[in-house]
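Student: I would like to learn how to read aromatic contacts in a model; could you take me through them?
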Amino acid sequence: MKRKHILAALLVVALASNLAARAEDLAAKAQEALTNFKLADPTLTNFFAKAAGYAILPGVGEGGFIIGGEHGDGLVYQQDKLIGKVTMSEVSIGAQVGGGSFSEIIFFQTQSALQTFKASKWEMSAKAKAAVAASGVAENAKYEQGVAVFTLPKTGAMVAAAVGGQKFKFEAIK
């Protein structure tokens with residue numbers, strides 16, 4: 001009986017340390033993605049300076065053949081203060097083929113837009129447009145419905161003419 005308790009305790013410790021390592025890994029990857037976005041488009045500094053907050057998803061995986069999907073985890077900041085974690089998923093249907101990965105950053109123009117994101121399982125409209133971060137793109141980018149979205153391709157290629165919307169789940173950090 002003692003052996004089972006010891007084994008259970010070791011399992012709990014291993015799982016807890018694995019979760020802590022994943023959180024640290026996510027923070028490091030988020031910081032690297034932020035650096036890459038700023039290097040790709042230095043004019044993004046205006047968004048960082050004026051936004052009420054932002055969500056950074058350092059590694060979103062995507063793939064599909066007629067039916068497609070995306071998934072990624074990230075962090076949410078209110079100005080420069082870490083306030084939570086976010087999980088994004090999307091299922092889409094339509095003409096699509098391929099796979100790859102990208103980073104995504106979502107800027108919230110106002111406290112109200114950030115609160116709406118935090119308060120519920122937020123869904124980005126299939127009509128929302130993401131701008132690919134490249135030198136000077138942010139200079140002409142505008143907020144739509146209180147958000148501005150930028151992506152930065154990492155690997156692979158995905159060709160799609162599909163309908164689907166990204167869904168986000170926010171979890172506050174205590």
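Student: Which ring does the charged end of Lys 38 sit over?

Tutor: A charge sits over a ring if NZ of Lys or CZ of Arg is within 6 Å of the ring centre and within 35 degrees of the ring normal; here the charged end of Lys 38 lies over the ring of Phe 48, 4.6 Å from its centre. This is a predicted model, in which local features need pLDDT of at least 70 and side-chain atom pairs count only at pLDDT 80 or more, while totals for chains, interfaces and linings use all residues. Residues are numbered from 1 along each chain as its sequence is written, and side-chain values use heavy atoms, with hydrogens and water left out.

Student: How many aromatic pairs does a search of the whole structure find?

Tutor: Rings of Phe, Tyr and Trp (its six-membered ring) pair if their centres lie within 6.5 Å, and planes under 30 degrees apart count as stacked, over 60 as edge-to-face and the rest as tilted. The search of the whole structure gives eleven such pairs, including the tilted pair of Phe 47 and Tyr 143, at 5.3 Å centre to centre with 55° between the planes.

Student: Is Phe 47 buried or exposed?

Tutor: Buried means under 20% relative accessible area, exposed over 50%, and partly exposed in between (1.4 Å probe, protein chains only); Phe 47, at 6% relative accessibility, is therefore buried, whereas Tyr 143, at 23%, is partly exposed.

Student: Which aromatic cluster includes Phe 48?

Tutor: Phe 48 belongs to one aromatic cluster with Phe 47, Tyr 54, Tyr 77, Phe 107, Tyr 143 and Phe 150.
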